[in-house]
Amino acid sequence: MASVEAAVGAQLSLVLSMHFPDIPVEILLHHLLTFSLERDILSLGCTSKFFARLCADETLWKRRCEENFARFMGNAALQRVGWKKLFIALSFPRIFVWGWFVHRRRGMGISRHSRGVRSSFPVEVKLPGVRVVRLVAGPWSFSALDSEGSMFVWGALDGDWPLTAQPMVGFDLPLSRVMVESPHRLILPNPVRDISYGPLHCTVLDSRGQIWTFTNWFRPFRIESAQLDCHSPETTPTRVACGSHFSAALTQSGDVFVFFPFNIDREERHLTAHGTYTSPSPDIQCITRTLQAEPHKLPSISQLDSNNNNELSGGQNRVFLVKIAALSRQVIGLTNGGHLLMTDGILGDEANLTEIADMQWEHLDMFCEPQDDVSSPQRADSSIPRAPALLPISEIATELGGVIVAYSPGADSVLMGSSSDRSSAIVPGLQGRSVSSVALGNVCGALGHGTPAERERPHFPRRSVEVPTRVSFDHGTDAHMRHGPETFCIDVAVGDAHTGALVVNLENDA
C-alpha cells in the first residue's frame, strides 16, 4: 500500500509541475487515474471540460467494473448503458425483501413497515455505503456479500420452532437461535468468496481457500486437514455447497470433499444466549476456531465409462467438475462439458460414512434430452418454443427437497427437473426472457413464481403457478416518483418462505 501511495504521489507531483496539455493522456489514464479512488475521479471530472472527457473514458470504467463487479460482467443488458453509468449503478444497489417473517424471520428488517409478520410487497432493507454484489437466503436469514468480500447477515440460523411458541423473557436460547435483527458485518480473517446454506448451518469460502462453517453467527470453525490445505490444485477449494447435514467443497482439480458439521462440532449446540442480538456496533467480531477433522473424498467422476467421458467433456481433453450444488442428501456436479451429474447416499449419520467410498456418479441425461410436457395446457400453444435437443448448461440451482434447475444466462430455455423421478421439463413462462439468475426455496419457485401473498404460510400446501409473476419495487411511493424501466434486478435469493432481490437504477446521471 505504501508503494502505491508513493507512486500516486510521484504522479501528482509530475502533474502539478507541468501544464495539462503537455502531459500525455496515457500517463493520466494509466498512471494517475488508475490508482485514484472512484470518488476522486468523479470529482476531478467536474473541474474542467478536459478532465470531464478524460474521467469519462470507457476503458477506465470498464476496468473498474471488472475489478469490483466481475460477477455481472457477462450480462449484456447491463453493459448497454455504458461502463461509467454501470459502475455508478452497481455502486448503489438496493436490497428488497418480502414474504413470511414469523419468529426468527422477523429479523429481516421489515417488521416496522409490514402488517403483522408478513409482507406481501417488497420492502427495502437499508445497508448504506455498501456495494452489495450478491444476496443469499437461508431458511431463516439473509446474507449480503459486498465487492470487498465482507459478509453481512440478519435473521437466525435456526428458527425451527412451532408458530405458537415464543421465547420466554429472562430465558436464554441455543446460540443458533439468537436473532440478528438488522444487517451486521461478520468480522472474519479473510474476504468471503462463496456462501451456501443448509437447513441449520452456513458454510463460506474465503479468499485464501479456507472454509468456515457457522452453526451460529458468532463462533465459526474451520477444519484443519491436509486434504484441504491449499498446497495443490487437489487440495484447494473453489466452491462450497450445503445439504441437510453436510457441507461439500469442490477443489481446483475437480475433486469433491464432504464433511458433517454437527458431528465435528458437537459441543456448540449446548451454548446459549439471549434471544436477540443487540449491540451498538454494526459488526460481529467472530470467535474463529480450528478443529481437527478429516473430510471424506467422493469418488472421482473418472469412474464413468469412457463413452460417457467423451460425451460429458464436450470436446475437452479431460472431463472434470467446475461447479457443485446440493440437495438434501445428494451432491450435484456440473462438468466442463456442460452436463449434470449426481451422487446419492450422503447422510449426517456416522454409521453411513462407509458408504461414501462405494458411491457412484450418475449422469442426469434428463437435462441433455429434455422432454416437453405435452399434457400441460401451455404446450398446446405452438407459439411457445420447444425444448432444444441439446441445451448447454453453465448454471445450476437446487432446492433441498429435490428440485433442480439447469440453465445458461441469456439462453432461451430454462429446465426444471426432479431428482426423485429423474424427469425434466421446459418452463414455458420463462421462455425468451434472457434469464440471468434463478433461485429456489422450499416454498417459492424459480425467479419468485407466484405472488408473495400466495406463499403466506410456509406450512400450507404448495399451489402450482404456471406463469411467473413480475415483481415491482416501487410500492408505497408517489406515482410521479415511482421507478420506471430503469429499475434492474441483478440478483435474487429465496429462503423457506421469504424472498429478496438486489436492485439497481440504470438511469443515473453519470
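This is a predicted model: local features need pLDDT of at least 70, side-chain atom pairs count only at pLDDT 80 or more; totals for chains, interfaces and linings use all residues.
Visitor: How many residues of strand β25 are buried?
Guide: Strand β25 covers residues 403–407 and is mostly covered. A residue counts as buried when its relative accessible area is under 20%. In β25, the number of residues that are buried is four of five.

Visitor: Which residue in β25 stands opposite A397?
Guide: Strand β24, residues 395–398, runs antiparallel to β25, and four bridges join them. Within this pairing, the residue opposite A397 is V405.

Visitor: Which residue in the turn between β24 and β25 has a positive phi?
Guide: β24 and β25 form a hairpin, with four residues between the two strands. In that turn, a positive phi of about 125° belongs to G402.

Visitor: What is the bridge partner of Y407 in β26?
Guide: β25 also pairs with strand β26, residues 414–418, in the antiparallel sense. Five bridges connect β25 and β26. For Y407, the bridge partner in β26 is V414.

Visitor: Which residue in β19 is the bridge partner of V258?
Guide: Strand β14, residues 256–259, runs antiparallel to β19, and two bridges join them. The bridge partner of V258 in β19 is H296.

Conventions: Residues are numbered from 1 along each chain as its sequence is written. Side-chain values use heavy atoms; hydrogens and water are left out. Buried means under 20% relative accessible area, exposed over 50%, partly exposed in between (1.4 Å probe, protein chains only). Two strands pair if DSSP finds at least two bridges between them.
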